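Open the model in your viewer and keep the selection tool ready.

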Amino acid sequence: MNAWPLPVGGPPPTITAVAARLIQALGRAEFAQTALNTLNDCVAAGSWSVYQVWPDRAPVMHLSASRQAVDTTQECFEIYRDLGLYRSDRSFDPVRAARRPGQAMVLRMHADEAPSVQHREAIYRQHGMLERLSVVQLEPDGSLLAVNIYHHEGQGCFDPAEIEHFAHLAPMLLACVTRQVQWQSHSADADLRRRLLARCPALTARELDVLERLLRGLSYESIAADLGLSVASVKTYRARAFARLGLHFKSELFAALIP
């Protein structure tokens, strides 16, 4: 596997044009597919995925799409998450080692270099993926935001021109993805808040804050850090909210609010 820092200097005109179209697609439900199609103007990618990996909880997929092939991106991610492959995924270690939030690197990994046999066989071989090119950024909360594009079998490996184009595009791609994920998260949180209040208008703002984050899969420790509260306070707000809603278990909350 190879890793290198983002390039310095201005991008070629083709990259600037691609970046402009990515910006135009921001805030739209079809951003994932539009972005992949746009990326193919400078880098041939059969599919792409954007996911976030935390040190203390399961990863979350933010965006994905495929081009001219059956879309297996969600299936691949579910294998990565549900089999716990993310726990032994050392492919992003060069970014973790930097220990500087905002630090980003370009990474290239062939299927043969997958972190484990299970990772290689269950995801790459089973789904016909040959190589991954990523730009990965360390986030302030210690998570990694990974933007990955894939060459599938039949495409061959990424050639030097594609790698150079991707590296030049990476800073703008990261910025666009970050903004799109924020937009999606805000829209999803607003929808959850509306549904929670429709079920129980008596819920307080702090109780809603805690419930939203529980529904997003955050641990009590992560919620406490996010809201600037103690873990004990988070559990108190959770207990009060559950009492108002007539719930006893977190599974009941998910069953009631997540379609």
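What follows moves from a loop histidine to a helix pair and then to cysteines.

This is a predicted model: local features need pLDDT of at least 70, side-chain atom pairs count only at pLDDT 80 or more, and totals for chains, interfaces and linings use all residues. Numbering starts from 1 along each chain as its sequence is written, and side-chain values use heavy atoms, without hydrogens and water.

**Stop one.** Select His127. It sits in the loop between helix 5 (117-125) and strand 5 (129-138); helices (H or I, at least four residues) and strands (E, at least two) are DSSP runs, numbered from the N terminus. His127 counts as buried because its relative accessibility is 12% (buried is under 20% relative accessible area, exposed over 50%, partly exposed in between; 1.4 Å probe, protein chains only). Now show Glu75: its side chain makes a polar contact with the side chain of His127 at 3.2 Å. Such a contact is a pair of N or O atoms within 3.5 Å; within protein, one must be able to donate a hydrogen and the other to accept it, and residues adjacent in sequence count only if both atoms are side-chain atoms.

**Stop two.** Select Arg100. From His127 it is 27 residues away in sequence and 34 Å away in space, C-alpha to C-alpha.

**Stop three.** The structure holds 0 disulfides (pairs of cysteine sulfur atoms within 2.5 Å). Cys42 is buried at 8% relative accessibility. Cys176 is buried too, at 2%.
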